[in-house]
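Visitor: Could you walk me through this model and tell me what stands behind each label?

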Amino acid sequence: MTAPLAIPNRDARRLWLWSNGLAPAPTGPLDVAGTIRALGLLQIDTIRNVTRAHNHILWTRNQNYREGMLWPLLEQRRLFEHFTHDASLLPTELLPYWSVQFRRLGDRAVRAPWYQSGLGQAEVARIRDRIAQEGPLSTHAFDTKAESREMWARPPHKKALDQMWYAGTLATSHRQNFVKYYDLGARVFPDHDAPPEHEALTRISDDALNRLAIATPGEVQRFWAVATAPEIRDWAARAETVPVRVQAADGTWRDALAHPDIETRLAIAPAPTTRLRILNPFDPAIRDRARLERLFGFEYRNEMFVPADQRRWGYYVYPLLQGDRFVGRIEIKADRAAGWLRVTGFWPEPGVAWGAPRAEKLDAELARFARMVGLTDIQWSTARP
C-alpha cells in the first residue's frame, strides 16, 4: 500500500491561502460572482464597523470591489441566499442540491424554542398569501409584536417568515439598504429538479472537499453545515479521495483526506503575496477556528457578543495576514459622517517583529481600506507599531 502523501505545514498554508483567493495580490479584473463561486459561499452580516463583512471579504480578494456591486447578482438570480453556518449567499448552481438543507432547516425551525408560541397555521398562511398577492415584502410590512424585550426576541410574524425562509417556501427576493424582502420561493428560485437526498449530500460533500483541498471529515461537515457526522463518515468511506498526512504549525502530523488532484494543486499553488492584508472576522479563510489554529498557530475568536470586561482583545478585531503567517490583529472603527477611520487597538502576534517595513505595509493597507468606503482621515488612538 502506498504511504499517504506527507504535506509539510508551509505547503498546507500555501495551498489553503491559494484556495481562498488570498495568494495573489488583490488587483486585476473583477468577477464578483466568480469569486463567490470559487469560495463556495459568502457570509453576510448586519454589522457595519467599517463596511459589512460581505463587502470586506470581496474587497480583500480584489480591491477594485466597491459597496453596491454585490446585490444585483442576487436580483439577477446568479446567487441565492440561505443558511449554512450562518446567513450566506451561494452560487445558484448549488440550488438543486440545497433541497436537503431547505427540508432539514425548515423542520428544525418548527421544533425550535424560538418558533414556539408563534402564530397559528391560519395566520402563517395569511402571511404567505399576502406575499403571493402583493409581491416581495419585508418584515416591516407586518406589525405583530415580540412577547419580550430580550435582545433575541422576535415578533410572531418574523418567526413565521423565518421558518418559511428556512424551508424554501419563501426566499430572499432582494435586499434594500440591507433589509431582506421575502417572496415566494417558486418565484425566486430558477426551475430545478431536486435529486435524491443521498445524491445531494454526496455532491455537497464533494464540493466542500474541492474547496477545502485538504480536510478531515469534520472539516468537510462544517463547510456547509448540512450533513450529519454519520452521513459524512458514509461519504468518506466511498468518496474518491486521497489519504494524506498534514503537518500542523506545532510540528505534529494529522491524517486527512485530499482532493484526488492534490499533487497538481500543490505544484501549481503560488507562494502568497507579501502584501499585508486586513482580514474580516467572518472571512472564510479563518471561519473554522480549529483549522486556523492548527495550520497557522493563530488563535482567534470573535468577541462582539463577549462582555467588554471579558474580552482579550476588542469588539471587532481584524486579523492581519502577511505572506503565509498572521502577524497581528487590529481593532478599527469608522465614522463616515465625520469622515474618519480610527485604529483603537493593535496587538502584534508574539514572536513577530514589527519594524518600519511591516508598519509601512500596514499603513498602506489602512489607506486602501479607508478609500474603499470613501474616507481619507486615518487616526490612531492606540500606540502605533
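Visitor: Which residue is the bridge partner of phenylalanine 80 in β4?

Guide: Leucine 90 is the bridge partner of phenylalanine 80 in β4. This is a predicted model, where local features need pLDDT of at least 70 and side-chain atom pairs count only at pLDDT 80 or more, while totals for chains, interfaces and linings use all residues. Residues are numbered from 1 along each chain as its sequence is written, and side-chain values use heavy atoms, with hydrogens and water left out.

Visitor: What makes β3 and β4 a pair?

Guide: Two strands pair if DSSP finds at least two bridges between them. β3 and β4 (residues 87–91) have 5 bridges, in the antiparallel sense, so they meet that definition. The strands themselves are DSSP runs of E with at least two residues, and helices are runs of H or I with at least four, numbered from the N terminus.

Visitor: Why does one side of β2 and of β3 have no neighbour in the sheet?

Guide: The open sheet has 3 strands in the order β2-β4-β3, with antiparallel pairing. β2 (42–43) and β3 (79–83) stand at its edges with a single partner strand each, so one side of each is left without a neighbour.

Visitor: How do you know that helix α3 is largely enclosed?

Guide: Buried means under 20% relative accessible area, exposed over 50%, and partly exposed in between (1.4 Å probe, protein chains only). In α3 (residues 53–61), 9 of the 9 residues are buried, so the rest of the structure largely encloses this helix. Among the buried residues are His54, Trp59 and Arg61. Their cover includes α2 (32–39), β2, α4 (71–75), β11, β12 (317–322) and α14.

Visitor: Why is aspartate 288 called buried?

Guide: Its relative accessible area is 18%, and the cut-off is under 20%, so the label applies. Aspartate 288 is found in the loop between β11 (276–278) and α13.

Visitor: What makes the link between aspartate 288 and arginine 222 a polar contact?

Guide: A polar contact is a pair of N or O atoms within 3.5 Å; within protein, one must be able to donate a hydrogen and the other to accept it, and residues adjacent in sequence count only if both atoms are side-chain atoms. The side chains of aspartate 288 and arginine 222 are joined at 3.0 Å. These two residues lie 66 residues apart in sequence, with 7.9 Å from C-alpha to C-alpha. Leaving aside neighbours within four places in sequence, aspartate 288 is in contact (heavy atoms within 4.5 Å) with Glu219 and Arg222.

Visitor: Which residues of α13 are buried, and how do you know that they are on the same side?

Guide: The buried residues of α13 (residues 289–296) are Arg291, Leu292, Leu295 and Phe296. They cover an arc of only 100° around the axis, which puts them on the same side of α13; the arc is that of the directions from the helix axis to the C-beta atoms. Glycine 297, with a positive phi near 65°, follows α13.

Visitor: What joins β14 to its partner strands?

Guide: 8 bridges join β13 to β14 (residues 340–348), and these run antiparallel. β14 and β15 (residues 377–380) are joined by 4 bridges and run parallel. Tryptophan 340 stands opposite aspartate 335, and its bridge partner in β15 is aspartate 377.

Visitor: How confident is the predictor over residues 148–152?

Guide: pLDDT is the predictor's confidence in each residue, from 0 to 100. Over residues 148–152 pLDDT stays under 50, whereas the protein averages 93.
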